[in-house]
Amino acid sequence: ALAAAAASVFAEGLQELVAAAEVEVDALREHVREKERDLAAQETQLEVACTMLQADSEETASLQETLSGEGERLGEAAERLRLAEARLAEDRARFEEERRQWGSDTVHFNVSGEAQISALRTTLSQCADSMLAAALSGRWSAKKDEDGRMFVDFPPKLFLPLVEYMQIRSIEDPDEPAQPPAFESAEDEAHFQRMLSYFGLLEWVYRPEPVNFSVAIDGHRYAVLPPCPPEEVLSQRAVGFAAALPKLTARCWGTHLLCVENGRGGFDSYRTAVRTVGGPPGSRFQADIDWLERVDDDRRVRFRGLSGRLVIRAKHDCVMANLEQGRGGGRGAGIAAL
């Protein structure tokens with residue numbers, strides 16, 4: 001009986017322990033399910049976080065690529081800026097050098113790479129309207145050599161005489177005006193005159209006299225261009241030609257040569273006081289010249305290449321009457337109306 005009671009008590013205690021164990025197991029199972037739910041939620045959050053992280057990584061990579069491109073563009077811009085600053089520095093240095101040169105009293109020339117010469121700026125700017133004066137004042141862009149000297153693309157045998165002439169003319173006596181340079185050959189003289197035309201100095205150097213300047217010789221008035229319609233172009237066959245020629249050529253007329261009809265359908269040229277190379281004033285320079293020709297109705301002529309003045313004459317009374325009325329004037333041109 002005692003053993004049975006003990007067994008019954010033991011059985012009841014065991015049942016109670018089993019029941020308590022089942023309750024604890026159920027609690028543990030619920031706890032595990034809660035942990036699983038938490039883990040599932042965490043996994044979901046982790047997946048979302050990974051997705052966001054991947055998106056952030058892609059955005060970061062895109063930003064890095066953008067920044068890299070911007071860096072390259074900034075580098076290129078910086079290089080352009082550096083080059084621009086270098087050019088600006090060069091331009092500033094060149095400007096300062098030119099300002100120093102333009103502000104200087106002297107001008108330095110490289111003459112065709114064969115000679116170098118310096119002269120006063122005021123000496124070479126005496127003819128203010130010339131291209132040379134414009135170049136010296138900066139109004140016209142002049143070529144420079146690597147040392148900053150003004151480059152003259154004419155040979156020294158032409159340009160140096162011009163500089164010497166301008167130096168003498170700057171101190172000339174009005175009663176003894178400076179004479180244009182003399183040359184050993186007509187070709188050099190023609191080239192010199194072409195150079196003067198280029199610089200706009202031809203008339204300034206040779207100082208042509210007004211057209212209405214004329215001279216009376218034995219009842220006629222002679223002029224190099226007509227102040228009134230001429231009665232005739234002076235011809236070697238005209239009465240009084242031999243007497244008139246020495247007096248005409250003793251003057252300058254602003255030209256080297258006076259041209260007259262030669263009676264053979266052409267023209268001959270004679271030296272004036274301006275030209276002394278090859279003979280004295282009044283000596284024949286060239287017969288049957290080919291650089292003066294008739295045009296149109298033979299009442300007009302044209303100078304080609306070399307230049308000169310065509311001598312016309314009219315009765316003294318006709319010339320004086322027209323001069324008193326204020327007609328005439330002007331300077332010689334390539335075509336002269338007769």
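**Entry 1: Ser-235**

Does Ser-235 count as buried or exposed, and at what relative accessibility? I looked this up in what is a predicted model. Ser-235 counts as buried because its relative accessibility is 12%, and the cut-off for that class is under 20%. I located Ser-235 in the loop between β6, residues 232-233, and α7. Leaving out residues up to four places away in sequence, I found Ser-235 touching Phe-241, Glu-261 and Gly-263.

**Entry 2: overall content**

I then turned to the totals. The protein has 338 residues, of which 33% count as buried. I noted eight helices and 14 strands. Among contacts with a separation of 6 or more, 61% are accounted for by residues 24 or more positions apart.

**Entry 3: the four-stranded sheet**

In what order do the four strands of the open sheet run? I read the order as β9-β8-β7-β12, with mixed pairing. At the edges I found β9 (284-286) and β12 (309-310), each of which pairs on one side only. Helix α7, residues 241-249, packs on this sheet and touches β7 (257-261) and β8. The direction of α7 makes about 50° with that of β8.

I next checked the pairing of β8 with β9. Strand β8 covers residues 267-271 and is joined to β9 by two bridges, the two strands running antiparallel. In this pairing, Tyr-270 stands opposite Arg-284 in β9.

**Entry 4: Asp-288**

I looked at the backbone of Asp-288 and found a positive phi near 50°, in a residue other than glycine. Asp-288 sits in the loop between β9 and β10. With a relative accessible area of 45%, Asp-288 is partly exposed.

Which residues does Asp-288 touch, not counting those up to four places away in sequence? I listed Asn-262, Arg-264, Phe-267 and Asp-268. For Phe-267, I also noted the C-alpha separation from Asp-288, which is 5.3 Å, although the two residues are 21 residues apart along the chain.

**Entry 5: β10 and β11**

Strand β10 (residues 292-295) is joined to β11 by four bridges, and the two run antiparallel. I found Leu-292 opposite Phe-303 in β11. Strand β11, residues 300-303, has a covered face made of Val-301 and Phe-303. The uncovered face of β11 holds Arg-300 and Arg-302.

**Entry 6: the largest nonpolar core**

Which residues have the most contacts inside the largest nonpolar core? I recorded Phe-109, Phe-159, Leu-162, Phe-199 and Leu-201, in a core of 32 residues. The elements that give two or more residues to this core are β1 (106-111), β2 (115-120), α3 (131-137), β3 (150-152), α4 (156-169), α5 (186-199) and α6 (202-206). The largest share, six residues, comes from α4.

Setting aside neighbours within four places in sequence, Phe-199 is in contact with Ser-130, Met-131, Leu-132, Val-152, Phe-154, Phe-159 and Leu-162. Apart from this core lies another, of 14 residues, among them Ile-217, Leu-234, Ala-238 and Trp-253.

**Entry 7: helix α4**

I examined α4 on its own. The helix has 14 residues and reaches 19 Å from its first C-alpha to its last, close to the 20 Å expected at 1.5 Å a residue. Its buried residues are Pro-156, Leu-158, Phe-159, Pro-161, Leu-162, Val-163, Tyr-165, Met-166 and Arg-169.

**Entry 8: Ser-112**

Ser-112 has a positive phi of about 55°, although Ser-112 is not a glycine. The residue is placed in the loop between β1 and β2. Ser-112 is partly exposed, with a relative accessible area of 24%.

**Entry 9: the UniProt annotation**

Which residues does UniProt list for "coiled-coil region"? The entry, which is unreviewed, gives residues 11-45 and 74-101. I compared the span 11-45 with the model: it is 100% helix and 0% strand. The end C-alpha atoms of residues 11-45 lie 50 Å apart.

Note on methods
Residues are numbered from 1 along each chain as its sequence is written. This is a predicted model: local features need pLDDT of at least 70, side-chain atom pairs count only at pLDDT 80 or more; totals for chains, interfaces and linings use all residues. Side-chain values use heavy atoms; hydrogens and water are left out. Two strands pair if DSSP finds at least two bridges between them. Contact means heavy atoms within 4.5 Å. Axes are lines fitted to C-alpha atoms, for helices over the stretch in contact, and angles run from 0 to 180 degrees between N-to-C directions. A nonpolar core is a set of buried Ala, Val, Leu, Ile, Met, Phe, Trp, Tyr and Cys residues joined through side-chain atoms within 4.5 Å. Buried means under 20% relative accessible area, exposed over 50%, partly exposed in between (1.4 Å probe, protein chains only). The expected span of a helix is 1.5 Å times one less than its number of residues. UniProt positions are given in the numbering used here, feature names are shortened, and annotations may be inferred rather than shown by experiment.
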